[in-house]
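Open your viewer and get ready to click along.

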Amino acid sequence: MTTRSANLTTILQRIENAEGDATITLDEIVQTIGHVSFAPLLIMPAIALVSPLSGIPLFSSIMGILIFLVSVQMLLRRDHLWLPRWLLKLRTNRALVHSAFGKAHPFVAWLDRRTQKRFRVLTHRPFVFIPQMFCVMSGLFLPVLELVPFSSSMIGLAVALLGIGMLARDGVVLVLALVPYIGIGFLVLQLVP
């Protein structure tokens, strides 16, 4: 288990254990995660998309905007994350967020135990631009694909795998992230007359 990926499990536990009012803002979640790395800030909305939270109207679109903003800034190698105030003020049910991340915890812990530094060439420049661009494009297309059943969850899984692969410097996980994109392509083709 790598130290970097273990931090993701710790961050997930922090979100699960965060206490406060009945509702939680995106700003509170970002503060809980911290600004140690852009990858966890990319992974968390992706995990939320795989959870039952994706059933909330417009949730996938908002997470798409968040994924787009984080991944663009990651691509540009910014030191600090900037998010618009209106996005940070968005609020949702705290118990629902805790439940969603609680359900994701076993999957993240399982991945943490299996990630290691493999095919590291894919996690360094110039090749790391490829998964970062996939994340940018995923964020852009999420609002449109919200109309395609299951596509938001599949994109969430793909972005989560890309983020975990970049965080753990595991090229194998980056390659595995392509599988959900193939599934999305298949779903979209089924809808084309």
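Predicted model: local features only at pLDDT ≥ 70, side-chain atom pairs only at ≥ 80, totals over all residues.

Start by selecting Gly185, which lies in helix H10 (residues 178-191); helices here are DSSP runs of H or I with at least four residues, numbered from the N terminus. Gly185 is partly exposed because its relative accessible area is 31% (buried means under 20%, exposed over 50%, partly exposed in between, with a 1.4 Å probe and protein chains only).

Residues are numbered from 1 along each chain as its sequence is written, and side-chain values use heavy atoms, leaving out hydrogens and water.

Next, select helix H3 (residues 38-50) and helix H8 (residues 151-168). How far apart are the axes of H3 and H8? They are 7 Å apart, and the helices pack at an angle of about 155° (axes are lines fitted to C-alpha atoms, for helices over the stretch in contact, and angles run from 0 to 180 degrees between N-to-C directions). That makes H3 roughly antiparallel to H8, a label for angles over 145 degrees.

Then pick Arg169, in the loop between H8 and H9. Arg169 has a phi near 60°, a positive value in a residue other than glycine. Most residues other than glycine have a negative phi. At 24% relative accessibility, Arg169 counts as partly exposed.

Finish at Arg77, in the loop between helix H4 (59-75) and helix H5 (85-88). Its phi is also positive, near 60°, and Arg77 is exposed, with a relative accessible area of 58%.

Conventions:
Helix = DSSP H or I, 4+ residues; strand = E, 2+ residues; numbered from the N terminus. Parallel < 35°, antiparallel > 145°, perpendicular 65-115°, else oblique.
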